[in-house]
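Here's a quick briefing to read alongside the structure.

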Amino acid sequence: MRIYLDHNATTPVAPEVVSAVAEALRATFGNASSVHVPGQQARTALDDARASVAALIGAPPGEVVFTSGGTEADNFAVRGVAEAYEVSGRRHLVASAIEHEAVLNTVKALGRRGWAVSLVPPDGSGVVSPDALAAVLRDDTALVSVMHANNETGVVQPIAELAARAHRAGAIFHTDAVQSVGKIPVDVGVLGADLLSLSGHKFHGPKGVGALWIRKGTKLAPAMTGGRQERGRRAGTENVPALVGLGVAARLARETLTVERARLAALRDRLEHGVLAAVPGTAVNGAVAARVPNTTNLSFEGVEAESLLIALDLEGIAVSTGSACSSGTLEPSHVLRAMGLTPHRVQSALRFSLGAGTTDTEIARVLEVMPSLVARLRSLAGAGARAGLRE
Ligand code: PLP
């Protein structure tokens, strides 16, 4: 039995999405900008997908711009605001220190080109407080970017309060909601942001498609220049079949959210409590904060997370250390470090992220193998340390 507990890295594509994409690849081949019937069919498919994505986040469809995924949506938001506000003299960008690399490396790149950049640290539980944000805001702040849910810990940020603080300073507020859309209710009206990123492959849609929601009236330079697609905000012939898939995934997410949210929270809690009870020396990172229901980030004292990840993989259980983009680099998590955790606690942290296919039986299996795997790794580490002492 293969057990996939890495849904924050990516999710399996829903069967309904597979069918819809396959059908659109066959039948909806027209260019959505063409005036003839095949073109109109593609346009209708695109409009339906946009309406479905907009409904998932409580936005008017006309404010949703399709992108090639979360990374492009984040780049579009950050670079688009920086470019649009450059002439006004607002050249200060703010992001939280726990953003995904798609935001973090983009503000850093702009920092190397002359923009002033401030990174707001979270508190020990992984929350970015409105007061911590207020401390770095300036009268030339153009943009504040704070993610809705963190990809490593699942911690949900107080977006409405953070957006209000940013607005008081005259700044635009962007939230990367890639890890919250489809997991918890996301309503742009409630959040009070101006820009919001989402990505299809995090909620059972295809990879390489996503969207940036842009509140009407927000000044933003285009993501791509060229034709008039996406109301001139993002040029290029639309990937209609993949966007049809995104639309179906968004509809499914809306239909299943309430039930799945409760089901996953119960499974996650069972996993978390089970590990804490059966494996001594474990701790949950971000435990006291509000979190998305599917994620737990656990540190295992005396264990290198990479070794435990491999041991679990050999048992057929897929988990991860930190984000998929930085795994394999052995770079300690910038998120857990920013929370002020000790280096050992950071290096011994594993992320378990559950999803639609996760069952009670799978969680029971993880709880069955975990104590002995951890004990074995600890005894190997102990033997290694003793051998080291003898050298
Ligand atoms: N933002 C967050 C919080 C993410 O977790 C990810 C994916 O890991 C991204 C952005 C990037 O999205 P995509 O993979 O669609 O480019």
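L252 sits in helix α8, and the model you're looking at is a predicted one. With a relative accessible area of 15%, L252 falls under the 20% cut-off, so it counts as buried. From there we can move on to the sheet that helix α8 packs on.

**Around L252**
- Setting aside neighbours within four places in sequence, L252 is in contact with A14, E16 and V17.
- S52 lies 200 residues away from L252 along the chain, yet there are 9.6 Å between their C-alpha atoms.

**The sheet**
- Strands β9, β10 and β12 make up an open sheet, in the order β9-β10-β12, with antiparallel pairing.
- At the edges you'll find β9 (282–284) and β12 (349–353), each of which pairs on one side only.
- Going from one strand to the next, the twist averages 30°.
- Strand β10 (residues 295–300) runs antiparallel to β12, and five bridges join the two.

- Helix α8 covers residues 240–278 and touches β9, β10 and β12; its direction makes about 10° with that of β10.
- Helix α9 (residues 305–314) also packs on the sheet, touching β10 and β12. The direction of helix α9 makes about 40° with that of β12.

Note on methods. Residues are numbered from 1 along each chain as its sequence is written. This is a predicted model: local features need pLDDT of at least 70, side-chain atom pairs count only at pLDDT 80 or more; totals for chains, interfaces and linings use all residues. Side-chain values use heavy atoms; hydrogens and water are left out. Two strands pair if DSSP finds at least two bridges between them. Helices (H or I, at least four residues) and strands (E, at least two) are DSSP runs, numbered from the N terminus. Axes are lines fitted to C-alpha atoms, for helices over the stretch in contact, and angles run from 0 to 180 degrees between N-to-C directions. Contact means heavy atoms within 4.5 Å. Buried means under 20% relative accessible area, exposed over 50%, partly exposed in between (1.4 Å probe, protein chains only).
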